[in-house]
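My entries follow in the order in which I checked things.

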Amino acid sequence: MRKIGILFLTSILIILSACGSSSDGELDKIVLADAGWDSIRIHNSIAQIIMEEGFGYDTEVTSGSSTATVQGLRQGDINAYMEIWTDNIKELYEEATEAGDFETVSVNFNDNNQGLYVPTYVIEGDAERGIEPIAPDLRTVEDLKKYPDVFQDPEDPGRGRIINAPSGWVVAEAIDDKFTAYGLDETMNNFMPGSDSAAVADLVNAYESGKPWVGYYWEPTLITAKYDLTLLEEAPYEEAIWNESKATEFPPNDVVVAVHKDFKEQVPEVYDFLSHYETSSELTEEALVYMDENGADAYDTAVWWMNQHEDIWTSWVSEEVADKVKNALQ
């Protein structure tokens, strides 16, 4: 049952131009994108199980940055992308869509948030853990500049530290702009971790110790499902202000499923399946929690999720395909 292969990509997407395609234009295998976070890996695995067991296709996953993998989708080196965060790469996404390089076929989920978070005990305290409120009046991102003493930078006494998104992530540039727009740089340092795992380790260490922490994160993730965090407020999104200074909440961010422009012709039955693919932040976080609590990989998590939510994924495919997949999951 498990035929899922993985190609690893470092700084540049390097794939043979004919990868996945036969000489007549049909697909020998379907290549999906892994842009580096667990939820996309779970959705990839769900899709791969259905593609392999239900439709009989081999699959592969190519890993790389959001920009590199989207470019791979544009060029046809990647065939399907299960989780494009459209507004985080807005210009690239709109450019590729307008050029007809790929097609958005469904919205995976659109009930997600992102921004700067603090542990809720920073504001409200936690009686069970004996933690008193540390910054009870903290409400907004702009308020953060009043609290350098609460969110102290251990390497720069007298100034605070805000954890940005990892270096190389497009969203990190938006956080940079917010520093300027809200005057956060007057009292706070903009710390950019080297990876998501480094940011998570920093948050988990602070949370388990009951210490203050503030930084960028997003939903759905294991972190936001597992820990009680509060998203700091910003003004409601307005496109003009966002484009000028980023001094609003993040824009609505549909997380979509997209395929290369030739995909519909190459594998119309799989195209139809992906056009029905739809979950939610809650369903995704449920899978992420299972993955963490059981030490499971993305594939085993996908199998568990599909057994838990047979009513959902079977609605994406024909009864014949659903029966094949159900038999393989037994």
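I started from the record: UniProt, in an unreviewed entry, lists residues 28–308 as "domain: ABC-type glycine betaine transport system substrate-binding", and I note that UniProt positions are given in the numbering used here, that feature names are shortened, and that annotations may be inferred rather than shown by experiment. Over residues 28–308 I find 42% helix and 19% strand, with the end C-alpha atoms 31 Å apart.

Before going further I wrote down that this is a predicted model, in which local features need pLDDT of at least 70 and side-chain atom pairs count only at pLDDT 80 or more, while totals for chains, interfaces and linings use all residues. Residues are numbered from 1 along each chain as its sequence is written, and side-chain values use heavy atoms, with hydrogens and water left out.

Of its 330 residues, 54% count as buried, which here stands for under 20% relative accessible area with a 1.4 Å probe, protein chains only.

Next I turned to the rings and found 16 aromatic pairs; rings of Phe, Tyr and Trp (its six-membered ring) pair if their centres lie within 6.5 Å, and planes under 30 degrees apart count as stacked, over 60 as edge-to-face and the rest as tilted. Trp85 and Phe109 have ring centres 6.0 Å apart and planes at 80°, so I log the pair as edge-to-face. This pair links distant parts of the chain, with Trp85 in strand 4 (residues 80–85) and Phe109 in strand 5 (residues 102–109), 24 residues apart. Trp85 counts as buried at 7% relative accessibility, and Phe109 is buried with a relative accessible area of 2%.

Tyr207 and Tyr227 have ring centres 4.6 Å apart and planes at 55°, so their pair is tilted. Here Tyr207 lies in helix 6 (residues 196–209) and Tyr227 in the loop between helix 7 (222–226) and strand 10 (229–231), 20 residues apart; both Tyr207 and Tyr227 are buried.

I also traced a cluster in which ring pairs link Trp169, Tyr216, Tyr217, Trp218, Tyr237, Trp242 and Phe250. Lys178 lies over the face of Phe250, at 4.9 Å from the ring centre, and the charged end of Arg161 sits over the ring of Phe191, 4.0 Å from its centre. For such an entry I required NZ of Lys or CZ of Arg within 6 Å of the ring centre and within 35 degrees of the ring normal.

Definitions and conventions
Helices (H or I, at least four residues) and strands (E, at least two) are DSSP runs, numbered from the N terminus. Buried means under 20% relative accessible area, exposed over 50%, partly exposed in between (1.4 Å probe, protein chains only).
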